[in-house]
Amino acid sequence: MIKLLDSHLYDAGIPDSLRHLIMYIARAGKYIDHAIKTGDLGVAGSSNLFGENQLALDVLSDKIIEDNLKICRLVSHAISEEKEGVMECNPQGKYSVAYDPLDGSSLVDSNLAIGSIFSIFEGPGFEGRTGRNQVAALYLQYGPRTTLTYTVGKGTHEFTLNDVGEFSLSRESFKLDPTSKYFAPGNLRAAKDNAKYRALVDEWIDGGKTLRYSGGMVPDVNHMFHKGGGIFAYPPLAPKYPNGKLRLLFECNPFAFLAEQAGGAAHNGQMDIMDIVIEKPHQRTPIYIGSKDEVKKVVERLGSNQPS
Ligand code: P6P
């Protein structure tokens, strides 16, 4: 008997409003998946607040999600990685949603997998809160298959989009082993001047670990989720990324929630990712995420590696 996303969410015992919101997000993902496979891969001729050129798909994906978050009437505040400020949606909305509409979109022209990432809080706004206040986290991966992976704090579960447009349960309550043979050394350029990072990468290589890194956080973390674990690292690199490249709100918090619910860990060298207080919507942080003992080792090796 196949288990579909809606009934799995119902069995999780979450409020109907949160279940409906996640289903609206799942629907937005189907439209984005279609756009990727049929749409314009070109540049939009616009740029985001970081001055990064936006692809037509970036803009379209962002609009699809924004529209769904507004028509569902369940969201009071939303913020997109592609836009500067917090959007006020519906005053009666119960939830606040932070999302990265198309993470890794620069990879889409080379046909690599990319994804959309969502972090859901109950109540208005984000600042002053931490990732521990999330009530749900989920991501869609647009690859050879389209999958949706979510947690509401009762394990981490994956669903696969089937031929009739339903998300069907493919992996329930999957877990990460404490150690792993895989490593994903992000921001490897930092190893040039960061001797501790270089030594750690050398240790991974000397230890015979298998490299798995695509440049897209969604498939790179998803790979760890599928292979029983791994370690994904993205350390800081002055002057370009003194506090790391990845965003706390849109990428690190949701993946930290998903990883911890799968028995893994996520840390920034100073504290667990989900203990970092959200001060600014687009704040960045280093991140070391994956198998618990592997994350612990990175913190031991780099822990004094304060964001510069
Ligand atoms: P680099 C994609 O642009 C992204 O935001 C993440 O998905 C990914 O993990 C990271 O940046 C890759 O960064 O420096 O390897 O290009």
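**Close-up views of a predicted model**

**View 1. Strands β9 and β10 pair side by side in the antiparallel sense.** Four bridges join strand β9 (residues 156-161) to strand β10 (residues 167-171) in an antiparallel pairing; strands are DSSP runs of E with at least two residues, helices are runs of H or I with at least four, and both are numbered from the N terminus. Two strands count as paired if DSSP finds at least two bridges between them. Look for Leu161, which stands opposite Phe167 in β10. Five residues lie between the strands of this hairpin, where Gly165 takes a positive phi near 80°.

This is a predicted model, in which local features need pLDDT of at least 70, side-chain atom pairs count only at pLDDT 80 or more, and totals for chains, interfaces and linings use all residues. Residues are numbered from 1 along each chain as its sequence is written, and side-chain values use heavy atoms, leaving out hydrogens and water.

**View 2. Leu248 is a buried residue of helix α6.** Helix α6 covers residues 248-261. The relative accessible area of Leu248 is 1%, so this residue is buried (under 20%; exposed is over 50%, partly exposed in between, with a 1.4 Å probe and protein chains only). Beyond its neighbours within four places in sequence, Leu248 has contacts (heavy atoms within 4.5 Å) that include Ile273, Ile276, Val277 and Gln283. Gln283 is 35 residues away along the chain, yet the C-alpha atoms of Leu248 and Gln283 are separated by 6.0 Å.
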